[in-house]
Amino acid sequence: MGKVFYRDLKLGVLGGGQLGRMLIQEAINFDVFVAVLDPSPIAPCAKIASEFVIGDIQDFNTVYEFGKSVDVLTIEIEHVNVDALEKLEKEGVKVYPKPSNLRTVQDKGLQKEFYEAHGIPTSSFKLIDNKSELSPNELPCVQKLRKGGYDGKGVIVLKEQADLSNAFDAPCVVEEVVDFEKEIAVIIARNESGDVKSFPIVELEFNPEANLVEYLFAPANVSEDVNIHANEIAEKLINALDFVGILAVEMFVTKTGEVLVNEIAPRPHNSGHHTIEANITSQYEQHIRSVLDVPLGATDAISAAVMINLLGEKEFEGDVFYENLNEVLAIKGSKIHIYGKKQTKSFRKMGHVTVVDQDLEKAKQKAKEVKSLLKVKA
Ligand code: ADP
């Protein structure tokens, strides 16, 4: 018999940030041994992992040696050394998501080509190697670095000719500007046996300055058609990838009701935080279930929810201080998550608050209160 998770199996996680921390919180319920690799000795997982290894997740030997010491290896960030993961996979370590999927996701150009090849609707695009290939008659457009971007860094909207001087001079995806009505996300999971389950769709609202998710509303206010269509697309995509684990599919709903895939994240995601309180199974538990190849949990919502990211206030840097924390804790249905980062800086993701209420409108009102009260300062 193979190793069983509550006895002798070791789960390895590359990355020790807040996503890893919330993964460990669920892994504890399953009594899974979790080893974490992260370069920072003060990473959010450092104090709570069963084993915490300090090392570079982009370095071949470090990832390979760490991977050799575990039975199942997963990630909480996709910018990791994929060559090492491929070698580990060949040598029999279960690596989920699969290294080939990570290679595709790490490169926004390969992502777009994958969508095109598999009939997944997405905005039209072209790939360029440097900015000399951008021409004024393609404006306006959205330019995205193929590699290394995150949280809106590496994305620029080019509206007019003068903007071309700010364009990235590197391999990029150049996309048409989508005139979207909403941004939504489908969090979907698939286990090794091929079972697939998605969470109810959520709606995202971005902070225009930081390009980060400011509010998340669950459930999304979308038509039945959009709901069905978005789910079909997510399911087709996760099967086409032959993916194992949690996959976050970010989508645009256009003003004419079209659903287009923007990008995917091959791990638990910001747009699934609310599932901790608002759904029968959380995205973190679902990820663990998928990579351990046990039955997936029910994803039904038990409440409506609004999630607010706690971002470091602009221009505050240093030892973190949460202003009005007690006032927020006194709001019925507010659940706070502090990620354990000691230092704040402008727009750093320091935590989140999920407000649950049977009535989404009431949850929204309370979320506004949370937003106006709680400030992350130094
Ligand atoms: P990141 O990987 O940094 O999150 P995204 O590709 O998700 O980058 O882009 C960040 C944000 O920029 C999106 O959430 C969306 O608001 C906006 N955006 C991205 N692509 C387009 C597009 N083609 N048209 C309009 N807005 C876009």
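Biologist: At what angle do helix α1 and helix α8 pack?

Modeller: Keep in mind that this is a predicted model. Two packed helices are described by the angle between their axes and the distance between the axes. For α1 (residues 18-29) and α8 (residues 283-292), the axes lie 8 Å apart and the angle is about 75°. Angles from 65 to 115 degrees count as roughly perpendicular, so α1 is, relative to α8, roughly perpendicular.

Biologist: How many of the residues in the contact of α1 with α8 are nonpolar?

Modeller: On the α1 side you have L19, M22, L23, E26 and A27, and they meet Y284, E285, H287 and I288 of α8. Of the residues in this contact, 2 are charged and 1 is polar, while the nonpolar ones number 6.

Biologist: Over to α6: why are its buried residues on the same side?

Modeller: The buried ones in α6 are V226, A230, I233, A234, L237, I238 and L241. They sit on the same side of α6 because the arc they cover around the axis is only 125°.

Biologist: Which exposed residues does the face of α6 turned away from its buried side carry?

Modeller: The cover over the buried residues of α6 includes α4, α5, β10, β11, β14 and β15. Exposed means over 50% relative accessible area, and on the face turned away from the buried side the exposed residues are E224 and D225.

Biologist: Which residue follows α6?

Modeller: Helix α6 covers residues 224-241, 18 residues in total, and reaches 26 Å from its first C-alpha to its last. After α6 comes a residue with a positive phi, near 55°: D242.

Notes. Residues are numbered from 1 along each chain as its sequence is written. This is a predicted model: local features need pLDDT of at least 70, side-chain atom pairs count only at pLDDT 80 or more; totals for chains, interfaces and linings use all residues. Side-chain values use heavy atoms; hydrogens and water are left out. Helices (H or I, at least four residues) and strands (E, at least two) are DSSP runs, numbered from the N terminus. The expected span of a helix is 1.5 Å times one less than its number of residues. Buried means under 20% relative accessible area, exposed over 50%, partly exposed in between (1.4 Å probe, protein chains only). The arc is that of the directions from the helix axis to the C-beta atoms. Contact means heavy atoms within 4.5 Å. Axes are lines fitted to C-alpha atoms, for helices over the stretch in contact, and angles run from 0 to 180 degrees between N-to-C directions. Angles under 35 degrees count as roughly parallel, over 145 as roughly antiparallel, 65 to 115 as roughly perpendicular and the rest as oblique. Ala, Val, Leu, Ile, Met, Phe, Trp, Tyr, Cys and Pro count as nonpolar, Asp, Glu, Lys and Arg as charged, and the others, Gly among them, as polar.
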